[in-house]
Amino acid sequence: MLHHINRYDLVDLTRQVLAKYANDVFLKIIESYKSNNMNQVTILCQHFLNLVNDLDTLLSSHEGFLLGPWLESAKGLARNSEQEIQVIFFFCHSLKLNYV
């Protein structure tokens, strides 16, 4: 059995590889669209969606990549319900800024 840290690193490395590959597929979708090759666009889009599903499955395999524990940890910083609302707002706002 892999040590907890090693499992995290393995999931993270695989996530990075799949994300890079998904980016390459996305760029090929754009190229195919610009060259009006709709058949290739359809094939590549399906492949891209499969990669997104693979990433979802991969990331759900380790708690370190799940949103729930991170959100609960952020809420734990609050001293009262008003601060909890602020912490949740800033946490979600931070996610939006980093991932959109």
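The structure holds 3 aromatic pairs, where rings of Phe, Tyr and Trp (the six-membered ring of Trp) count as a pair if their centres lie within 6.5 Å, with planes under 30 degrees apart called stacked, over 60 edge-to-face and the rest tilted. One of these is the stacked pair of Y8 and F65, at 4.8 Å centre to centre and with 10 degrees between the planes. This pair links distant parts of the chain, 57 residues apart: Y8 belongs to helix α1, and F65 to the loop between α2 and α3 (67–75). Helices here are DSSP runs of H or I with at least four residues, numbered from the N terminus. Another pair, F89 with F90, is edge-to-face, at 5.4 Å centre to centre and 70 degrees between the planes.

A word on the source is in order: this is a predicted model, in which local features need pLDDT of at least 70 and side-chain atom pairs count only at pLDDT 80 or more, while totals for chains, interfaces and linings use all residues. Residues are numbered from 1 along each chain as its sequence is written, and side-chain values use heavy atoms, with hydrogens and water left out.

Relative accessible area (1.4 Å probe, protein chains only) sorts residues into buried, under 20%, exposed, over 50%, and partly exposed in between. Y8 is partly exposed because its relative accessible area is 29%, whereas F89 and F90 are both exposed.

Helix α2 (residues 38–59) has 22 residues and reaches 31 Å from its first C-alpha to its last. That is close to the 32 Å expected at 1.5 Å a residue, the expected span being 1.5 Å times one less than the number of residues. Within α2, the residues V41, L44, L51, L55 and L58 are buried. They lie on the same side of α2 because they cover an arc of only 105 degrees around the axis, taken from the directions from the helix axis to the C-beta atoms. The face turned away from this buried side carries the exposed residues N39, T42, D56 and T57. L49 is also in α2, and its 48% relative accessibility is why it counts as partly exposed.

The largest nonpolar core has 10 residues: V11, L18, A22, V25, I29, V41, L44, L51, L55 and L58. Such a core is a set of buried Ala, Val, Leu, Ile, Met, Phe, Trp, Tyr and Cys residues joined through side-chain atoms within 4.5 Å. Helices α1 (4–34) and α2 are the elements giving two or more residues to this core. Leaving aside residues up to four places away in sequence, V11 touches L58, L59, S61, H62 and F65, contact meaning heavy atoms within 4.5 Å.
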